[in-house]
Amino acid sequence: MFGATTLLVKIVGSIGAVSAGLDLGKEGPLVHIGSCIASLLAQGGPDNYRIKWLWLRYFNNDRDRRDIITCGSSSGVCAAFRAPVGGVLFALEEVATWWRSALLWRTFFSTAVVVVVLRAFIEICNSGKCGLFGTGGLIMFDVSDVKVSYQAMDVIPIIIIGIIGGLLGSLYNHVLHKVLRVYNLINHKGKMHKLLLALGVSLFTSVCQYCLPFLAQCRACDPSFPETCPTNDRSGNFKQFNCPDGYYNDLATLLLTTNDDAVRNIFSTNTTNEFHVTSILIFFALYCILGLITFGIAVPSGLFLPIILMGSGYGRLLSMAMGSYTNLDEGLFAVLGAASLMAGSMRMTVSLCVIFLELTNNLLLLPITMIVLLIAKTVGDCFNPSIYEIILELKGLPFLDANPEPWMRNLTVGELADVKPPVVTLCGVEKVSRIVDVLRNTTHNAFPIVDQGVPVPGMVATGATELHGLILRAHLVQALKKKWFLPEKRRTEEWEVREKFNWVELAERELKIEQVAVTRDEMEMYVDLHPLTNTTPFTVVESLSVAKALVLFRQVGLRHLLIVPKYQGAGVAPVVGILTRQDLRAYNILSAFPHLERP
């Protein structure tokens with residue numbers, strides 16, 4: 001997911017898709033690109049060319065790997081919107097499942113570095129040193145020219161914008177869910193079907209963007225326009241297209257330009273007469289269709305920009321419909337429409353508010369943006385989950401919800417363990433053949449270590465059963481690779497372990513059992529697993545509710561959770577089962593307990 005090949009494909013694919021004029025954003029790919037760079041830096045490079053520097057040991061644990069990938073994702077948002085605080089809040093609101101104060105300042109530091117570098121490149125491009133890219137060498141949003149003025153009576157249209165944004169956002173999520181299911185069926189048929197689907201969408205987009213402007217009427221250039229009118233250059237507004245000299249095509253101005261320029265045009269204030277209502281209606285309808293069919297094809301794509309374009313279109317239409325009933329500018333309506341549709345679809349509030357604030361560079365937008373976002377999110381939540389949750393469900397990724405489902409309180413972890421296959425345990429000193437058999441025939445990532453006949457300190461009894469801890473699959477494979485075998489069944493000394501293993505080897509996660517060769521004689525030998533075992537794993541009693549287990553699992557950032565029996569005694573196994581993220585997903589639980597879901 002975060003490899004070097006994925007990074008290269010994302011960069012090249014995103015450049016090609018955005019420059020081709022497809023209705024998709026670069027924000028989603030930039031988040032993934034930032035995460036890939038962070039992951040590669042943490043592990044010292046790609047798998048085949050990894051650097052073994054000493055300081056990299058700080059990232060050889062799961063928690064710090066998650067942290068640096070979170071920093072990378074927030075840096076990607078910052079690079080897309082030039083919004084450092086918005087990037088931090090995006091990571092807090094959408095990315096991280098386990099947030100703490102140390103992660104806050106780390107992400108803030110990352111975004112601060114990104115915005116300083118961005119500012120330096122912007123100054124270089126503004127000085128004319130970016131060649132063919134002109135002054136827009138960095139393709140990003142810049143709508144800081146939006147002017148805001150509103151009165152108390154304008155609260156009513158603001159509320160209407162929020163309600164409509166929530167309704168349209170939930171409708172967009174519903175239809176996109178159906179489209180993505182169809183696309184999954186097409187993509188599973190093979191690479192050629194993926195290619196043909198992408199080519200079909202690209203061709204449809206190009207035909208619509210070129211042919212639809214012929215439906216628009218030519219509008220006369222106003223001498224008061226601050227820019228050249230008309231123009232057909234690479235950059236600039238007021239496209240002449242098929243119009244005579246002194247006239248421009250308003251629909252071509254929105255369609256035959258970069259997506260960022262289209263956003264800038266439709267967000268611009270004091271432009272009441274620049275765009276005809278028919279052109280805005282065609283623009284809105286086209287981007288609704290393109291926004292539904294473009295996301296999901298085999299190209300890197302983000303959702304921010306398509307939703308912004310749709311929302312700004314409906315905001316302009318709403319402003320034209322209200323006419324003299326409101327004093328708000330049409331450009332401001334477009335900004336609020338984009339914000340409401342994003343909140344209605346993505347269900348983000350705080351991070352979206354700050355991102356829009358940093359985009360427009362206008363504090364006066366803050367109160368009305370907050371109202372619109374809260375109303376749109378509330379309305380959208382009444383109908384379906386956010387678009388991110390829908391995509392995660394379609395991909396089957398084990399992303400745990402922040403809040404457990406109500407029916408999870410009626411189910412215990414013991415009942416959950418009963419419907420799973422029996423837990424696979426190993427002895428503290430285990431036979432090599434048993435370890436090899438377990439690794440080859442299971443896909444589990446960790447195994448409980450259970451010792452029989454252990455003497456109990458301070459007691460006469462000697463036949464106790466001990467749950468010694470939990471050992472990772474990677475450590476078992478490493479023990480086989482290092483040939484750490486014993487001819488007899490015994491415990492090893494600490495100095496023997498230190499001679500054989502170091503922290504770099506124990507941090508490796510990529511080694512597979514298929515890469516390790518074990519001879520027939522070695523199969524009869526033993527391995528002491530005690531030194532490689534985590535002796536303090538998180539455990540819960542089998543009577544604990546699944547809701548509490550989910551909260552514990554998510555907030556502490558666990559990978560495994562051991563279930564121990566409520567009653568102890570002779571013949572009772574010391575471990576009932578083991579829970580992972582997949583076991584705590586609502587979909588998987590309902591597959592085993594369908595009666596828990598409300599009809």
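Figure 1. The end C-alpha atoms of residues 1–20 lie 25 Å apart, and the span is 80% helix and 0% strand. The UniProt record, an unreviewed entry, annotates residues 1–20 as "signal peptide". UniProt positions follow the numbering used here, feature names are shortened, and annotations may be inferred rather than shown by experiment. Helices (H or I, at least four residues) and strands (E, at least two) are DSSP runs, numbered from the N terminus. This is a predicted model: local features need pLDDT of at least 70, side-chain atom pairs count only at pLDDT 80 or more, and totals for chains, interfaces and linings use all residues. Residues are numbered from 1 along each chain as its sequence is written, and side-chain values use heavy atoms, with hydrogens and water left out.

**Figure 2. The protein as a whole.** The protein has 24 helices and nine strands. Its C-alpha trace spans about 100 × 55 × 45 Å along the principal axes. Of its 599 residues, 49% count as buried. Buried means under 20% relative accessible area, exposed means over 50%, and partly exposed lies in between (1.4 Å probe, protein chains only). The accessible surface comes to about 29700 Å², and 61% of it belongs to carbon and sulfur atoms. Accessible areas come from the Shrake-Rupley method with a 1.4 Å probe; for residues, only the protein chains shown count as cover. Of the contacts with a separation of 6 or more, 73% are between residues 24 or more positions apart. Contact means heavy atoms within 4.5 Å.

**Figure 3. Spans annotated as "transmembrane region".** UniProt (unreviewed entry) lists residues 103–122, 155–175, 280–310 and 363–380 under this name. Residues 155–175 are 100% helix and 0% strand, with end C-alpha atoms 30 Å apart. Residues 280–310 are 71% helix and 0% strand, and here the end C-alpha atoms are 10 Å apart.

**Figure 4. Helix α13, residues 350–360.** Eight of the eleven residues of α13 are buried, so the helix is largely enclosed by the rest of the structure. The buried ones are Ser 351, Leu 352, Cys 353, Val 354, Ile 355, Phe 356, Leu 359 and Thr 360. They pack against α3 (62–81), α4 (84–95), α11 (304–322), α12 (330–346) and α14 (366–381). Asn 361 follows α13, and its phi is positive, near 55°.

**Figure 5. Ser 345 and its surroundings.** Ser 345 is found in helix α12. Its relative accessible area is 0%, so Ser 345 is buried. The side chains of Ser 345 and Asn 173 are joined by a polar contact of 2.7 Å. A polar contact is a pair of N or O atoms within 3.5 Å; within protein, one must be able to donate a hydrogen and the other to accept it, and residues adjacent in sequence count only if both atoms are side-chain atoms. Leaving out residues up to four places away in sequence, Ser 345 touches Gly 169, Tyr 172, Asn 173, Ile 307, Ser 386 and Ile 387.

**Figure 6. A nonpolar surface patch.** Trp 105, Phe 109, Val 113, Val 117, Phe 121 and Ile 124 make a patch of about 610 Å². Patches are made of residues with over 30% relative accessible area and no salt bridge: like charges are joined within 9 Å, nonpolar side chains (Val, Leu, Ile, Met, Phe, Trp, Tyr) within 5 Å. Phe 109 is found in helix α5 (residues 101–126). At 55% relative accessibility, Phe 109 counts as exposed.

**Figure 7. Arg 100 and Asp 67.** Their side chains meet in a salt bridge (2.6 Å, N to O). Arg 100 lies in the loop between α4 and α5 and Asp 67 in helix α3, so the pair ties together parts that are 33 residues apart in sequence. A salt bridge is a side-chain nitrogen of Lys or Arg within 4 Å of a carboxyl oxygen of Asp or Glu. Arg 100 counts as buried at 18% relative accessibility, and Asp 67 counts as buried at 5%. A network of salt bridges links Asp 64, Asp 67, Arg 100 and Arg 106. The whole structure holds twelve salt bridges.

**Figure 8. Lys 420 and Asp 583.** The side chains of Lys 420 and Asp 583 meet in a salt bridge (2.7 Å, N to O). The pair links distant parts of the chain, 163 residues apart: Lys 420 is in the loop between α16 (413–418) and β3 (429–431), and Asp 583 is in helix α23 (residues 581–584). Lys 420 is partly exposed at 25% relative accessibility, whereas Asp 583 is buried at 17%.
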